[in-house]
Amino acid sequence: MWLPGSPRTFLTPFRHQLIFTAMLEPSSQESRPLPNGIPAGSELLPVVFTEDRNKGHRLLHTLPKEFHTFAVVGHSGRSVEGDRSGNPTQQIEFLTVPSASYQASELQDIVGVWVDASTTSKTPRQMMTLQGAEIHWNETRFAILAPPERLEALRTALIETCWFDAELARLERELASAWPEMHQDMPLAFNFDEKSLPRRKELQRRFERVTSIRSRLLRMSPYVYCPHIYPPTLASQLAERYRERTRLLHRHEIIDSQLEVFERVYDNCGQRISDFVQSRTGHILEWIIIILLVLQMVIWGFEILTSLEPTTVAQ
Amino acid sequence: MRYASIDCLKTVAIVVMVLVHFAENLSGVQLPITGLGAPLFTFLSGLSYRLWVHGLEAKGTNDEEISKRSIRRGLFVFAVGFAFNILVWLPEDTFNWDVLTMIGFALLVLNGLRRLPVVISVFFALGTILISPLLRGMADYQSYWVKGYFEVDLTLPDVMIGFLATGFIPIFPWISYSIAGLVTGTILFRDQSAGLSTSSIVSSDSSNSFVSKLISNGLLPVLTGCVLISFSGVLLALRPYLPKVLSTHFLEGWHMFPPTIEYVLATIGMASLLFGLTHRWIDRKRSRFFTAGMLDITKTFSQYSFTIYVVHHMVHLWPLWVYGFIMDHENYYWREAMSLRWSFPLAVLFLVVCYFVLRKIGPDRRLGIEGWMRWLCD
């Protein structure tokens with residue numbers, strides 16, 4: 001049950017699984033220098049999603065527990081960290097600017113320039129306004145202009161939703177890079193033979209990867225497809241709008257249908273490999289028996305040859 | 001794909017055979033390296049066959065076409081072996097069953113084995129090695145050998161017995177060398193047939209068993225070679241202490257004629273060990289010792305190995321036959337034409353002349369037995 005003044009998440013139907021930690025006061029080591037012209041009370045935090053929660057990091061948000069992921073404040077000097085599986089973790093910067101009137105064009109320009117200045121983002125800046133709040137963002141930078149009392153909630157909402165967006169983008173990249181391999185493996189879904197045997201481990205690894213992608217995709221489904229929260233809050237509406245703007249639902253569906261092709265190929269590969277390995281064991285035994293029979297026939301034939309005519313020693 | 005290690009070893013095999021044959025046929029001297037060239041040569045024939053098949057598969061040649069070419073090549077080498085016996089050793093030795101007829105027949109067998117799991121080929125090779133003493137015992141091997149040479153009556157049973165067990169290079173157990181080469185090539189170069197890069201194979205296998213690591217490091221032939229040589233040594237050492245049935249009819253000591261179990265195991269081990277070492281030092285990590293010039297020489301010898309094998313016999317045997325014919329004595333000066341002081345430099349001179357002539361011809365012209373084989377069979 002949500003109690004006024006207590007931490008609350010706005011985004012998912014599994015509220016009880018989320019831990020929202022209201023430790024948002026910046027420390028001098030974590031917060032970064034603010035862009036010029038930004039009013040007092042603003043905050044710039046580098047946020048990193050990590051599977052291994054280091055006690056030295058300040059926890060901003062705990063994602064639903066099935067993801068085993070934490071949003072923490074990253075250190076300024078360390079732009080990219082690795083997660084448990086060794087994948088590089090993208091650092092996202094969140095600039096929260098208290099603003100009574102978001103339509104202050106000077107402020108809009110400043111945050112717009114700050115977002116555009118990102119060197120790591122490959123996507124152009126987007127903008128969204130909602131009930132007195134304004135968000136500018138690209139792949140790696142988020143700037144939130146909103147009344148001070150709503151800033152924390154909006155940032156938390158965006159942190160979670162942008163993680164889903166990033167995770168989906170990661171799945172898209174993985175699948176995109178797997179298409180050529182899948183085309184290469186396609187014939188093995190129909191026919192697997194002796195020459196293909198060295199590829200068994202590789203196929204197994206690819207099958208596991210596809211299953212892993214499916215698993216990650218399915219774990220995200222409740223959050224991507226979750227219905228609108230009632231009663232709506234500004235944060236929940238912002239998250240819904242963000243999901244719409246980033247087309248999370250469609251992308252999820254596309255990945256889902258693409259995965260079906262991969263699964264069909266690698267399921268069949270697995271079936272072919274299993275059939276082949278089983279029959280191969282039987283064939284080897286049969287061949288050993290055949291070779292023994294052949295050798296026996298050679299001895300038998302040789303016996304006949306040597307008994308046909310006595311050998312004459314050449315002089 | 002061409003492997004410099006195979007070129008080097010083929011050159012070694014050819015050089016050993018040329019030196020041994022000159023010394024033996026002209027001077028009647030057996031060099032310490034006698035009996036090491038032919039095993040290496042036949043082992044490499046199996047290995048080269050596997051690489052040739054991989055090459056065709058990589059080009060997209062279908063299996064039926066590979067089989068047809070393999071059979072044509074096998075029959076061609078078999079026929080060349082007969083022609084060689086008739087022309088070089090004269091018609092009365094047509095059925096002495098030399099290395100070419102054995103390799104020709106082996107190519108036909110390898111064509112069947114190449115599609116089967118490696119374990120079956122290994123089992124077949126072991127079977128041929130183990131039943132060879134039995135066959136020799138049944139045929140009374142020594143009765144076919146007079147003064148160290150194979151003599152056979154021109155009757156079908158004797159000819160067949162010579163082909164299978166008592167000839168110079170009989171099928172049993174010599175085919176095991178070609179099979180060993182095929183198995184080595186299959187295990188070591190299987191990534192080519194699977195159409196994968198070496199790195200992907202290494203990465204896919206790196207987390208697996210000890211054997212997989214040996215394969216990825218190219219050390220499996222080295223280890224196999226060491227094991228076989230050691231095992232042969234143990235058999236030789238234990239032979240005096242074994243029951244008489246085993247020590248006389250099964251383990252017969254160290255001989256090339258007849259090729260005993262100890263000899264076969266040790267020479268297969270030697271070929272495997274040499275290939276493993278050269279593959280590691282030349283193909284994988286190019287040692288500074290092997291300069292481009294050296295590899296160029298070995299490539300030339302390797303590309304014309306069959307031709308050199310035939311020609312070196314012609315060069316040193318035909319003058320003896322011609323002189324014998326003039327003197328009305330077929331074997332005039334046979335094994336006593338000159339001392340080793342002369343025959344050895346002559347063998348070296350032959351190799352040097354051979355190299356320059358073959359370089360002049362070049363690898364792309366269809367001259368020599370290899371060129372004829374490609375023209376006729378591919």
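Helices are taken here as DSSP runs of at least four residues, numbered from the N terminus. In the predicted model, one such pair of elements in chain B is helix H12 (residues 244–249) and helix H13 (residues 261–284), and the loop between them holds Pro258(B). The peptide bond that joins Phe257(B) to Pro258(B) is cis, with omega about 0°. A cis peptide bond is also found in chain A, from Tyr230(A) to Pro231(A), where omega is near -5°. Pro231(A) is likewise placed in a loop, the one between helix H3 (200–224) and helix H4 (234–245) of chain A.

Chain A contains 5 helices and 10 strands. Of its 315 residues, 30% count as buried. When contacts in chain A between residues at least 6 apart in sequence are considered, 66% of them join residues at least 24 apart. The domain assignment divides chain A into domain 1, covering 15–155, and domain 2, covering 158–281. In the contact of these domains, 23 residues of domain 1 meet 14 residues of domain 2. On the side of domain 1 that touches domain 2, at least two residues each are supplied by strand E2 (43–50), strand E3 (58–62), strand E8 (126–130), strand E10 (141–146) and helix H2 (151–185) of chain A. By class, the residues on this side of domain 1 comprise 15 nonpolar, 5 polar and 3 charged.

The packing of helices in chain B is considered next. Two packed helices are described by the angle between their axes and the distance between the axes. For helix H1 (residues 4–27) and helix H16 (residues 340–361) of chain B, the axes come within 9 Å and cross at roughly 145°. The crossing of H1(B) and H16(B) is right-handed. On the H1(B) side, the residues in contact are Val15(B), Val18(B), Leu19(B), Phe22(B), Ala23(B), Leu26(B) and Ser27(B). Their partners in H16(B) are Leu340(B), Ser343(B), Phe344(B), Leu346(B), Ala347(B), Phe350(B) and Leu351(B). The contact of H1(B) with H16(B) is formed by 12 nonpolar and 2 polar residues, with no charged residues.

In soluble globular proteins, nonpolar side chains tend to be buried together. The largest nonpolar core of the model has 83 residues, and those with the most contacts inside it are Leu9(B), Ala13(B), Met17(B), Leu40(B) and Met102(B). H1(B) gives the most to this core, contributing 15 residues. Apart from residues up to four places away in sequence, Leu40(B) touches Leu9(B), Val12(B), Ala13(B), Ala271(B) and Leu274(B). A second, separate core consists of 58 residues, including Trp114(A), Ala143(A), Leu151(A) and Phe192(A).

Several residues of chain B were examined individually. Ile33(B) is located in the loop between H1 and helix H2 (37–58) of chain B. With its neighbours within four places in sequence left aside, Ile33(B) is in contact with Val16(B), Leu19(B) and Val20(B). Of these residues, Leu19(B) is 14 residues from Ile33(B) in sequence, and the C-alpha atoms of the two are 8.9 Å apart. Leu126(B), which is placed in helix H5 of chain B, counts as partly exposed because it has 15 C-beta neighbours inside 10 Å. Leu126(B) and Pro170(B) are separated by 44 residues in sequence and by 15 Å in space, from C-alpha to C-alpha.

Positive phi values were also found in residues other than glycine. In Arg247(A), phi is near 55°. Arg247(A) occupies the loop between H4 and helix H5 (248–308) of chain A, and Arg247(A) is partly exposed because 13 other C-beta atoms lie within 10 Å. In chain B, Asp140(B) has a positive phi of about 60°. The loop that holds Asp140(B) lies between helix H5 (118–139) and strand E1 (145–146) of chain B. Asp140(B) has 14 C-beta neighbours inside 10 Å and so counts as partly exposed.

Key. Residues are numbered from 1 along each chain as its sequence is written. Chains are lettered from A and ligands numbered from 1 in the order in which they are written. This is a predicted model: local features need pLDDT of at least 70, side-chain atom pairs count only at pLDDT 80 or more; totals for chains, interfaces and linings use all residues. A residue is buried if 20 or more other C-beta atoms lie within 10 Å of its own, exposed if 12 or fewer, and partly exposed in between; C-beta atoms are placed from the backbone. Two residues are in contact if their C-beta atoms, placed from the backbone, lie within 7 Å. Axes are lines fitted to C-alpha atoms, for helices over the stretch in contact, and angles run from 0 to 180 degrees between N-to-C directions. A crossing is left-handed if the near helix is turned anticlockwise from the far one by less than a right angle, and right-handed if clockwise. Ala, Val, Leu, Ile, Met, Phe, Trp, Tyr, Cys and Pro count as nonpolar, Asp, Glu, Lys and Arg as charged, and the others, Gly among them, as polar. Domain bounds come from an automatic or database domain assignment. A nonpolar core is a set of buried Ala, Val, Leu, Ile, Met, Phe, Trp, Tyr and Cys residues joined through C-beta atoms within 7 Å.
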